[in-house]
Amino acid sequence: MRTVYVNGEFVPENEAKISIFDRGLLFSDAVYEVTAMLDGKLVDNDGHLARLERSLSELDMKSPVTNEQLITLQHQLAEKNNLVEGFIYLQVSRGAEDRDFNYGEDLQPSLIMFTQARSIIDTPKAKTGIKVKTVEDIRWQRRDIKTTMLLAQSLAKKQAIRQGFDDAWMVEDGVVTEGSSNNAYIITHNDEIYTRPASNKILNGITRRAVNKLAEQNNLKVIEETFSVEQAKQAKEAFATSASYFVMPVVEIDKHRINNGKPGELTTQLRNLYISMAKS
Ligand code: PDD
């Protein structure tokens, strides 16, 4: 049984309570972050907390705690759950009040946190790579804000998995936006790495930013431009990044094999570079 955090208290998961009037529940009026933990160390947590601040500010929301307090809580929670490898999920909602589209301006925001123990490094998919299905991106226009409004992504992933794929890549106007819960990349036959530029059309991943930097430091060319599904199918390699994937090889797009269905060389190099950084 896990210990979770709810508004100032650490409690067993089956005793955790939140109001049924919480706006996170009624309106998805909440933002969140997922930080990976590796060997007991939080990975790129500064980036996640900086993005949390941005998400809150874009939605005119407040955090109930400071970033310093949040870091202390993350470590306390990890310790209470003996988390060595996995994730810490945290969510801030605008607060609870009687249901009203015109939200109150002085609500007390709520904060919940829990851990998920998972193998990130030795996960089998990292060795085989994943198969993705492209689906229409039906989300709203502020995908740069990390809100809990995730139904479109959840439906996309479920549809992909039901049809024998591992994940979905979302497509708008013929170009890939991003994965269901990750950023999408391709590598061309002249070793140029393409990923969509940060804008309101995608979530600017913390892993994405680190991977782009690591690539450049290792003399790999990153081009932040959109790419089409056709370009993706013609690519030499493909991969996806997120706090839970790190760098995940993509070996099939809509049943079209990439790199003969094997994780690519540069993708593997980038995965190893990211793991070394995460462990350092
Ligand atoms: N998802 N794009 C979307 C739509 C995402 O939901 C995520 C992360 C990313 C990658 O961001 P980062 O590198 O900061 O994890 C991109 C998390 C992992 C989730 O919802 O579980």
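Are R23 and D29 buried or exposed? R23 is buried, and D29 is buried as well, where buried stands for under 20% relative accessible area, exposed for over 50%, and partly exposed for what lies in between (1.4 Å probe, protein chains only). The model is predicted, so local features need pLDDT of at least 70 and side-chain atom pairs count only at pLDDT 80 or more, while totals for chains, interfaces and linings use all residues. Residues are numbered from 1 along each chain as its sequence is written, and side-chain values use heavy atoms, with hydrogens and water left out.

**View 1. Salt bridges of D29.** D29 forms a salt bridge (a side-chain nitrogen of Lys or Arg within 4 Å of a carboxyl oxygen of Asp or Glu) with R23, the closest N and O atoms being 2.6 Å apart. The side chain of D29 also meets that of R94 in a salt bridge, at 2.6 Å from N to O. This second pair links distant parts of the chain, 65 residues apart. D29 counts as buried because its relative accessible area is 7%, and R94 counts as buried because its relative accessibility is 9%.

**View 2. The salt bridge between D166 and K125.** In this pair the closest N and O atoms are 2.9 Å apart. D166 counts as buried because its relative accessibility is 19%, whereas K125, at 36%, counts as partly exposed.

**View 3. The contact between D144 and R54.** The side chains of D144 and R54 make a polar contact at 2.9 Å, a term for a pair of N or O atoms within 3.5 Å, of which, within protein, one must be able to donate a hydrogen and the other to accept it, and residues adjacent in sequence count only if both atoms are side-chain atoms. D144 is buried, with a relative accessible area of 11%.

Terms used
Helices (H or I, at least four residues) and strands (E, at least two) are DSSP runs, numbered from the N terminus.
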